[in-house]
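Subject: Structure for you to look at

Hello,

Here is the structure I promised to hand over. Please open it first and then read the notes below.

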Amino acid sequence: MASGTIVAGIDSSTQSCKIVRVDAETGQILSTSSAPHPDSTAVHPDRWWEAFQAAGGAELGDVEALSVSAQQHGMVALGADDAPVFDALLWNDVRSAPQAQRLRDELGAEVWAEEIGIVPVPSFTITKLAWLAENHPDLADRVRKVMLPHDWLTWQVLGRRNYPTTDRSDASGTGYYSVTDEAYRHDLVEWAFGRSPELPTVIGPAASAGTTPGGTLVGAGCGDNAGAALGLSLRPGEVAVSIGTSGTVFTSTDTKIADPSGAIAGFADATGKQLPLLATINGARVLGSTAELLGVDLQKFDALAAAGPADAGGLTLVPYLDGERTPNLPLATGSLIGLTRAAMTPENMARASVLGLLCLLADALDKLRARDIAADRIVLVGGGSRSRSLQAAAADIFQAEVVIPRPGEYVALGAARQAAWALSGAGAPPAWERRVERTISPSGAADWAAAVRGRFSEARQRLYGL
Ligand SMILES: Nc1ncnc2c1ncn2[C@@H]1O[C@H](COP(=O)(O)OP(=O)(O)O)[C@@H](O)[C@H]1O
Ligand SMILES: O=C(CO)[C@@H](O)[C@H](O)COP(=O)(O)O
């Protein structure tokens with residue numbers, strides 16, 4: 001790669017669009033910009049394009065290649081005029097819960113896990129198509145193309161001059177792409193949706209989707225979690241825990257995992273390998289909404305969470321605030337348990353929020369470990385991972401060494417790495433060094449952490465029998 005070559009990576013995530021410009025040779029981030037997305041679980045895709053422009057998407061003239069990564073699963077359903085027939089239903093929109101249950105029951109969880117790699121939950125695109133067909137058959141009749149957020153934005157960046165494309169990482173989260181066969185299951189689309197819309201062509205991890213009208217090479221793009229794995233150069237024995245709007249726990253493996261319980265999604269990654277992943281609907285916003293409740297900003301919230309007793313004075317927050325996916329309880333609500341007059345302090349409340357979120361993620365991590373996946377080191381990323389009190393408690397709650405990479409947009413960085421790979425024509429992505437801020441080991445004397453996890457499991461079982 002010629003020295004001075006610049007590539008860009010885009011992360012069109014749930015809450016915002018982020019763009020990084022990166023030195024293609026070293027992986028050094030040269031600039032980061034962002035613009036917010038609307039706070040809704042159903043969004044018109046034009047809002048993503050506007051945020052991309054507001055984040056400086058039109059000012060990438062010095063960039064030789066770019067790739068788009070985005071929130072997974074969102075249903076972008078376009079009519080004959082290529083306009084959406086309905087707002088894009090996002091991964092955290094749970095209105096398709098009845099359809100998810102029906103699709104799961106009719107085909108059987110074992111068949112889903114073995115043949116497709118995932119078992120339907122409301123996040124997945126196929127359940128959203130089933131919802132549209134059942135609730136708005138007139139609109140479903142108008143659908144000609146179905147794609148995902150990263151496919152749509154990639155197509156938009158290309159000036160819509162090509163047939164839309166996607167990649168295997170994002171296709172593997174639709175429910176109508178078989179990770180086993182590496183091919184679409186058009187029969188499942190027809191079955192769930194009752195119609196056969198066009199689907200984007202799946203291109204290889206290092207392939208080019210085309211060039212922008214200005215001549216910039218555009219990579220295949222990927223789902224955001226696959227983008228983070230690429231941006232972090234995730235190694236064997238490492239598990240990433242991302243705390244964005246969603247919480248995700250994932251790793252990179254050579255062989256696929258079929259989990260009929262549906263907890264572990266057998267996604268593909270953005271390099272040709274597998275990306276077993278567990279996702280929670282509740283992530284960083286658990287902290288943000290508690291801060292709002294307490295009337296403090298995130299810095300003050302963090303100080304409060306660090307100031308009280310390690311076990312939050314006995315308070316347990318089960319943070320299913322927006323429903324939950326892991327465990328699969330789309331209509332659940334959160335619970336605060338253990339209230340006493342003495343325990344009702346802002347410090348305990350803030351700490352319970354941090355611990356509740358960590359316990360939710362630790363439960364997910366345990367499910368990966370139960371499949372013999374080594375999780376000796378946890379790499380913590382996403383906006384919520386900037387919380388110092390969360391960082392400090394994570395190693396004890398996860399019972400693993402926790403690596404805090406230098407602050408950065410790792411999904412966007414992964415997309416940039418993919419763009420550099422596509423530009424280079426090499427057999428593997430460029431070797432970019434991961435920059436680490438600090439590493440935290442379990443304290444070894446954290447009885448409080450075991451007690452907190454025990455209390456959390458007890459509360460979950462008492463509330464939901466799980
Ligand atoms: N220091 C912090 N403490 C707690 N939460 C934080 C902190 N910094 C950012 N966040 C939260 O992180 C979230 C954004 O993270 P991000 O990874 O960009 O999400 P997404 O990718 O889903 O859009 C917001 O909810 C924001 O409030
Ligand atoms: O649904 C999933 C993964 O299966 C989520 O991880 C989405 O991909 C959204 O990610 P963020 O915007 O929260 O990073």
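Two strands pair if DSSP finds at least two bridges between them. Helices (H or I, at least four residues) and strands (E, at least two) are DSSP runs, numbered from the N terminus. The model is predicted: local features need pLDDT of at least 70, side-chain atom pairs count only at pLDDT 80 or more, and totals for chains, interfaces and linings use all residues. Residues are numbered from 1 along each chain as its sequence is written, while chains are lettered from A and ligands numbered from 1 in the order in which they are written.

Strands

Strand S16 (residues 238-243) runs antiparallel to S17, and four bridges join them. The two form a hairpin with three residues between them, and Ile 243 stands opposite Gly 247 in S17. S17 is also joined by four bridges to strand S19 (residues 274-280), again antiparallel; here Thr 248 is opposite Ala 279.

Are the faces of S17 (residues 247-250) covered or uncovered? Both are covered: Gly 247 and Val 249 are buried on one side, Thr 248 and Phe 250 on the other. A residue is buried if 20 or more other C-beta atoms, placed from the backbone, lie within 10 Å of its own; 12 or fewer make it exposed, and in between it is partly exposed.

Ligands

A residue is near a ligand if its C-beta atom, placed from the backbone, lies within 6 Å of it. Around ligand 1 there are 16 residues, and Ser 13, Gln 15, Gly 244, Thr 245 and Gly 383 come nearest. Helix H10 (residues 284-294) gives the most to this shell, with four residues. Ligand 2 is also surrounded by 16 residues, the closest being Thr 14, Gln 72, Trp 91, Gly 244 and Ser 246.

Gln 72 is in the loop between strand S5 (65-70) and strand S6 (76-78), and His 73 is in the loop between S5 and S6.

Why does Gln 72 count as buried? Because 30 other C-beta atoms lie within 10 Å. His 73 is buried because it has 29.

Contact means C-beta atoms, placed from the backbone, within 7 Å. Leaving aside neighbours within four places in sequence, His 73 is in contact with Trp 91, Ser 123, Phe 124, Thr 125 and Gly 173.

Regards

Key: Contact = placed C-beta atoms within 7 Å.
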